[in-house]
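Look at the sequence and the fold, then work through the answers.

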Amino acid sequence: MPHSTTATPAPPQGSANADATTDVLAHKLRLLRRNAGLTLQQLSQRCGISASALSKVEHGQLSPTYEKIAALARGLEVDVGELFSPVQQPALRARRSVTRAGDGLAHRTPQYAYELLHADLADKRFIPLLTTIKARERTEFPQLLSHDGEEMVYVLHGKVVIHTDCYAPLELAAGDSCYFDSAMGHACISGGDKDAQVLWICSHITIKP
């Protein structure tokens, strides 16, 4: 994608326009990065700006130089002007979806039995899954799953053990939940004699063994 070099950089700090521009840049950078499925560390590697500096820009605490703004645009594969264009508010919508018990879209793997809830809605911001965990051993997974996004597991029935490549195995009982970065290798197994059932919510979805 071509990169514009004609956009005007942010006005000098100290003016009302500078504050407004910093706010717009902060919001757009966070939005564009998340839409691209990038972590701060991943964007840092793309544009050569430290993750801590990127975090300050996203929180409106730092007004970057034009060179860094151009680097951000290259890392996000957008025109420089896109970083300063206000977010267009979508028209008011009133979407609703109902999934009756047992009517979700089924998908099975050797380790899990998924029921995708509200599959009739496109462009959802997160993916809700009613999941039966059949695996009993970590060795039932060829490798830990890893993908973009974040996810949350809430245990409905049984015991669940979450294995990751960064933490010791975590045991959860009914009513417990865990929120984690999907880029971290992970796998869930049932910690009891029976299959466990969880509500699994993901910002991105990768269903494969």
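Predicted model: local features only at pLDDT ≥ 70, side-chain atom pairs only at ≥ 80, totals over all residues.

Q: Which helix gives the most to the lining of the second largest cavity?
A: Two helices each supply at least two lining residues: helix 3 (51-58) and helix 4 (66-76). The top contribution is 3 residues. It comes from helix 3.

Q: How many charged residues does the lining of the second largest cavity have?
A: Sort the lining by class. Nonpolar residues number 7, and there are no polar ones. The charged count is 1.

Q: What is the strand order in the open sheet of 6 strands?
A: Pairing in this sheet is antiparallel. Strand 1 (105-108) and strand 7 (177-181) each have a single partner strand, so one side of each lacks a neighbour in the sheet and they stand at the edges. Neighbouring strands are turned by 25 degrees against each other on average, direction ignored. The order is 1-2-3-9-4-7.

Q: Which residue in strand 2 is the bridge partner of Ala 106?
A: Strand 1 and strand 2 (residues 112-116) run antiparallel. They are joined by 4 bridges. For Ala 106, the partner in strand 2 is Glu 115.

Q: Why is one side of strand 6 and of strand 8 left without a neighbour in the sheet?
A: The open sheet of 3 strands has the order 6-5-8, with antiparallel pairing. Neighbouring strands in this sheet are turned by 25 degrees on average, direction ignored. Strand 6 and strand 8 (186-190) stand at the edges, so each is left with a single partner strand.

Q: Which residue in strand 6 is the bridge partner of Ile 162?
A: Strand 5 (residues 160-164) runs antiparallel to strand 6. The two are joined by 3 bridges. Ile 162 has as its partner in strand 6 Leu 170.

Q: Where in the protein is confidence lowest, and where is it highest?
A: The average pLDDT is 82, and 82% of the residues score at least 70. Helix 1 (residues 16-35) is lowest, at a mean of 76. Over residues 1-18 the pLDDT is below 50, and this stretch has 26 contacts in the model beyond near neighbours in sequence. The highest value, 98, belongs to strand 6 (residues 170-172).

How values were computed:
Residues numbered from 1 in each chain as written. Heavy atoms only, no water. Nonpolar A, V, L, I, M, F, W, Y, C, P; charged D, E, K, R; others polar. Pairing = 2+ DSSP bridges. Axes fitted to C-alpha atoms, helices over the stretch in contact; angles between N-to-C directions. pLDDT = per-residue confidence, 0-100. Contact = heavy atoms within 4.5 Å.
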